[in-house]
Amino acid sequence: MESILNAFKEAFWLIVRFDPDFYRIILLTLMVNGIATLIGAVLGIPAGVALAEYRFPGRKPLLVFTHAMMGLPPVVAGVFFVLIFGRSGPLGFMNILYSVTALILVQVVLAVPIIAGFTNASLEDVDPRIGLQARSLGASRLQSTVVKTREARAGLVAAVIAGFGGVVSEVGAIMIVGGNIKGQTRMLTTDIVLNMRVGKSEIALAEGLVLIFIAIIINIFLTRLQAEKGRDVAETKGITGAYING
Amino acid sequence: MVEPRPVLEARSLRKSYGERVVLDVEELQVMRGEVLVVLGPSGSGKSVMLRILNLLEEPTHGTVSFDGAEVQGLKGRERVEVARRMALIFQDPLLFRGNVEDNISYGLRVRRMHAAERARRVSEVMELVRLGGMGQKYIATLSGGEAQRAALARALAIRPEVLLLDEPFASLDAPTRRTLQEEVKRLLTDLGMTAVFVTHDQEEAARLGDRIILLKDGLIEQAGRPRDIFYEPKSEFVAGFVGFDNIYQARITCTEDGLATLEVDGHELEGVCASDSGSLVKVGIRPEDVTLARMGDAGAGSARNVLNGTVSEVEFRGPVARVTVACPFPLIALITRRSLEELELDVGVEVQARFKATAVVVIEP
């Protein structure tokens, strides 16, 4: 119990004494995870939409692959990354291993299938007649896909939340591809692991609390985005017939 | 005189899903300005036909022409160009997220209509469907009737040459349904709009259709004016579907001056019939043409058929009651609840059932 209290105290002091190293780690964590989630959304949402809306050769295997990748062990992703971008790997000449770019890239690889998979499921859930209705009003194939995607917006926000959740809690892959270099590629999760290894469990716990705090703040923001469209969620139910009769 | 030209036409139209043929129509024409009702039970192929006409589905075989040009199988921009001359309204309003105005303006936005013109058109059409002042209402707050009005406005806003309606009122309560049927009838007449209206409700078909086609298992069972369908059904299926609850096998025993004596289950009935003596026919009697009286009440009047029997079943349907009389063959009569109460009819009561010879319709000569 005492150690938990100490952890809270330590967390408090870590935050208020503006330790530059600590804030550098927080900023890097926010930046890497933020950018990775953003890129993940930019790639994953259209991919999920395409998988749900369009029929093309190889769609089913791609869908199975996406679902499989949603559960990809990050450590395995890290190993593949090193094999590809390592000095003797095919893309070794890019020299990005142990850099922030590597951290972002590996996080993107982890985020895209999660966001694409959830997006796909959300769109599959939208009444298919919505798309037909749009087309019957003169929409092109693309315009009707936009309508369906808008209908699935709450699910899309959930997909981004899941993607962010996936990367923010990640440790194995970034440890491998980033090397946990102090001041360069050290993030909150990898620093927690390090502190636990050297017996600084109070600092590790404090960092864990900060990480949870960051996750909560970002999730509140995203959930608000979802809740603002909550009206629309009710509307989505409405369109399938659940009307208030009056 | 210029022959009226069909705006929509289908020939040798067939649609199958795997081995199952869901639609097989030799010819279908929708004339400009008419309301064609496609009537039929669930699974008869009505909705598939509508989707094919709206180019949302491709027929397995056959042609669809819009304004004289074949349009089946069109893709991309060409499909959109033709589809934009029509609008389809589904059973559920299928409103998009947003408010009423967002929805009504949708078809205009995809056509890239100028904002000012769009606003004018939206407000005009909202008045038309009596949704004036509700433009900013979110769709989740609309009642079922309002939502379907919004869906109607959304389709009318684009001023389609052909309006396709797929059972648009089927999920509404009865009073709202009747109000909307009247409003749609008024709108279609006022706007002189061509419409194809799909329904399984014979009353709706009678109320709205200039012409009716009745589908069964994907085939046209009968086509014609409402009067033809409702008073001269060509098959037992059509008769049953349009409300002939009493259908019997009969033998014509004698004919004289167009009046025939028919034998049904050992009982003689009189009907108007052109068939020869001795032939076997199916006859139908609408339940609303049968009147009931207590035994010993005043005479039959002009009714040529008077049958004594016992009430075997009473089923209430809103303001009317469906009374089955064993005469001894079952004869169904539709009477008001008030009549039922005044006559004190109940199961087991002996009654006299009466109907005119003209109420006996020969279905299969």
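In helix α6(A), the residues A:Ile130, A:Gly131, A:Leu132, A:Gln133, A:Ala134, A:Arg135 and A:Ser136 are buried. Buried here means under 20% relative accessible area, while exposed means over 50% and partly exposed lies in between, with a 1.4 Å probe and protein chains only. Helix α6, residues 128-136 of chain A, has 7 of its 9 residues buried, so it is largely enclosed by the rest of the structure. After α6(A) comes A:Gly138, which has a positive phi near 110°. Helices (H or I, at least four residues) and strands (E, at least two) are DSSP runs, numbered from the N terminus.

Some conventions apply throughout. This is a predicted model, in which local features need pLDDT of at least 70 and side-chain atom pairs count only at pLDDT 80 or more, whereas totals for chains, interfaces and linings use all residues; side-chain values use heavy atoms, with hydrogens and water left out. Residues are numbered from 1 along each chain as its sequence is written, and chains are lettered from A and ligands numbered from 1 in the order in which they are written.

The pLDDT is the predictor's confidence in each residue, from 0 to 100. For chain A its mean is 86, and 92% of the residues reach 70 or more. A contact means heavy atoms within 4.5 Å. Where pLDDT is low, the predicted coordinates should not be read in detail.

Two residues deserve attention for their backbone angles. Most residues other than glycine have a negative phi. A:Asn180, although it is not a glycine, has a positive phi of about 55°. A:Asn180 lies in the loop between α9 (172-178) and α10 of chain A, and it counts as buried at 9% relative accessibility. In chain B, B:Arg130 is likewise a residue other than glycine with a positive phi, near 60°; B:Arg130 is found in the loop between α5 (115-128) and α6 (144-157) of that chain.

Chain B can now be considered as a whole. It contains 11 helices and 20 strands, and its C-alpha atoms fill a box of roughly 75 × 45 × 45 Å along the principal axes. Of its 365 residues, 53% count as buried. Among contacts in chain B with a separation of 6 or more, 66% are between residues 24 or more positions apart. The domain assignment gives domain 1 (6-241) and domain 2 (246-364); such bounds come from an automatic or database domain assignment. The centres of these two domains, taken over C-alpha atoms, are separated by 38 Å, and 8 residues of domain 1 are in contact with 6 residues of domain 2.

On a 1 Å grid over the protein atoms alone, a cavity is a set of points where a 1.4 Å probe fits but cannot get out, and a pocket is an open set with protein on both sides within 12 Å along at least five of seven lines; lining residues have an atom within 4 Å of a point. Grid points are joined across faces, edges and corners, and a volume is the space filled by probe spheres set on the points.

The largest pocket has a volume of about 730 Å³. It is lined by 30 residues, of which B:Asp201, B:Gln202, B:Glu203, B:Arg317 and B:Leu334 are the closest to its centre. Helix α8(B) gives the most to this lining, with 5 residues. Domain 1 and domain 2 of chain B each provide at least three residues of the lining of the largest pocket.

The second largest pocket holds about 380 Å³ of space. Among its 21 lining residues, A:Asp21, A:Phe22, A:Ile25, A:Lys182 and A:Asp191 are the closest to the centre. The largest share of this lining, 6 residues, comes from α2(A).

Finally, there is 1 cavity of 30 Å³ or more. The largest cavity contains about 30 Å³ of space, and its lining consists of B:Ile89, B:Gln148, B:Leu152, B:Leu165, B:Pro168, B:Phe169 and B:Leu180.
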